[in-house]
Amino acid sequence: MYAFIKAASNLTVRISVTKTSQYRPKCWPNTEVPYFLNDMRGRDCLRTGSGMVVKVSKSNEISYIDQWNVTVQTATSVVFDLLEAKCTSLRFFYDAEDSPEVVLNYVDCSIYHDVNKDTCFIDFETYDKQLAAKLQSLVKWYDTLYQKVNKTANCDDFMFIVSHPHGCSKQISLGQRLDRHTSKPSSDKITYLTSTCPGSSGAIVHCIGYINMNYTGCLQSGQNYCSYRGSFYRSD
C-alpha cells in the first residue's frame, strides 16, 4: 500500500489558473447551489488546485519532432474550459518547499470537461523529452500498482488523497469511506472522512477496492464528498 500511495504522490500536480471563464454557470447542474467562482466570471484572478497525470503519449503530428502530450485529470471547478486551460500552469514533484521548480506552462492544449461529473482532462503539449519519459514511467508504475492493490487489498473502506492544500507543497491525507449513494445507474456519490483544505479541489480520491474520483466538496456536517458518473478515464 505504501508503494501505491507513493506512486500516486509522484503523479500529483499543483495547478495554477489565472483566468476565470465568463462561461461558468451560475449554479451546479440541476441545483440552486452557486457554482464555484460564478461571481468572478470574466475576471483575472489567481487560484490553485490539484490534479494528477493520468497519461503521457508521443504526438504523431510531426514524426521528427519530440512532441509529447501530458494528460492531467482535475475538476471542472478548477479548470472549467479551454479559455481557463490556456491560462493554466502545472508544477510537478512539488514535495517540499525547497523542491526544484518543474513547471509546464501553456504551449498548446486540448480539453475534455463535463460539469455534471465535475471532471476535466487537459492534454498539455511539451517538448521536454526527459520530463515526458519520467512521467510516462511513473504512470506505468502507478497503473501496475493500481490493478494489484485493488485486487488484493483487504481494506475496502480505506482511502487517501494527495493534494496541494493552499497551493503549498504536497500533502497526503488518509481516511475512511463512510457511505456510497447511488441515485441512478452509473451515478454514485461517496461521503468520507479525509482531511482536505482549499487547494485540494481536483485531487484524485483513491478509494481502495473502488473507482477513483475527483474531490468535490464538503458537507455542512464536515464530511467530504465526491461524485462519479459514467466511465473513468484510464491510460491503458
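1. A contact here means that heavy atoms lie within 4.5 Å of each other. In this predicted model, residues 24 or more positions apart account for 63% of the contacts in the chain with a separation of 6 or more.

2. Some overall values come next. The chain has 236 residues, and 52% of them count as buried. It exposes about 11600 Å², of which carbon and sulfur atoms supply 50%. Its secondary structure consists of three helices and 13 strands.

3. Seven strands form it, in the order S5-S4-S1-S2-S3-S7-S6, and the pairing is antiparallel. Strand S5 (102–104) and strand S6 (109–114) stand at the edges with a single partner strand each, so one side of each has no neighbour in the sheet. On average, and with direction ignored, neighbouring strands of this sheet are turned by 30 degrees against each other.

4. The pairings can be followed strand by strand. S1 and S2 are antiparallel and share seven bridges; here serine 16 stands opposite threonine 48 in S2. S2 is also joined to strand S3 (residues 68–74), by six bridges and again in the antiparallel sense. Valine 56 stands opposite valine 70 in S3. In a regular strand, side chains alternate between the two faces of the sheet.

5. Six bridges also join S6 to strand S7 (residues 119–126), and these two run antiparallel. Serine 110 has aspartate 123 in S7 as its bridge partner. Helix H1 packs on the sheet, where it touches S1 and S2, and its direction makes about 25 degrees with that of S1.

6. Is helix H1 mostly buried or exposed? Seven of its ten residues (the helix covers residues 2–11) are buried, so H1 is largely enclosed by the rest of the structure. The buried residues are Phe4, Ile5, Ala7, Ala8, Ser9, Asn10 and Leu11.

7. Another helix, H3 (residues 129–152), lies across S2, S3, strand S4 (88–92) and S5. H3 runs at about 75 degrees to S2.

8. The structure holds six salt bridges. In one of them, the side chains of arginine 24 and glutamate 84 meet at 2.7 Å, N to O. Arginine 24 lies in the loop between strand S1 (12–19) and strand S2 (44–58), while glutamate 84 belongs to helix H2 (residues 82–85), so the pair ties together parts that are 60 residues apart in sequence. Both arginine 24 and glutamate 84 are buried.

9. Which residue besides arginine 24 forms a salt bridge with glutamate 84? Arginine 47 does, with the closest N and O atoms 2.7 Å apart. This pair, too, links distant parts of the chain: arginine 47 is in strand S2 and glutamate 84 in helix H2, 37 residues apart.

10. The cut-off for buried is under 20% relative accessible area. Arginine 47 has 10%, so this residue counts as buried. Glutamate 84 has a relative accessibility of 0% and is therefore buried as well.

11. A further salt bridge joins the side chains of aspartate 66 and lysine 58, at 3.8 Å from N to O. Aspartate 66 is partly exposed, with a relative accessible area of 31%. Lysine 58 is also partly exposed, with a relative accessible area of 31%.

Terms used:
Residues are numbered from 1 along each chain as its sequence is written. This is a predicted model: local features need pLDDT of at least 70, side-chain atom pairs count only at pLDDT 80 or more; totals for chains, interfaces and linings use all residues. Side-chain values use heavy atoms; hydrogens and water are left out. Buried means under 20% relative accessible area, exposed over 50%, partly exposed in between (1.4 Å probe, protein chains only). Helices (H or I, at least four residues) and strands (E, at least two) are DSSP runs, numbered from the N terminus. A salt bridge is a side-chain nitrogen of Lys or Arg within 4 Å of a carboxyl oxygen of Asp or Glu. Accessible areas come from the Shrake-Rupley method with a 1.4 Å probe; for residues, only the protein chains shown count as cover. Two strands pair if DSSP finds at least two bridges between them. Axes are lines fitted to C-alpha atoms, for helices over the stretch in contact, and angles run from 0 to 180 degrees between N-to-C directions.
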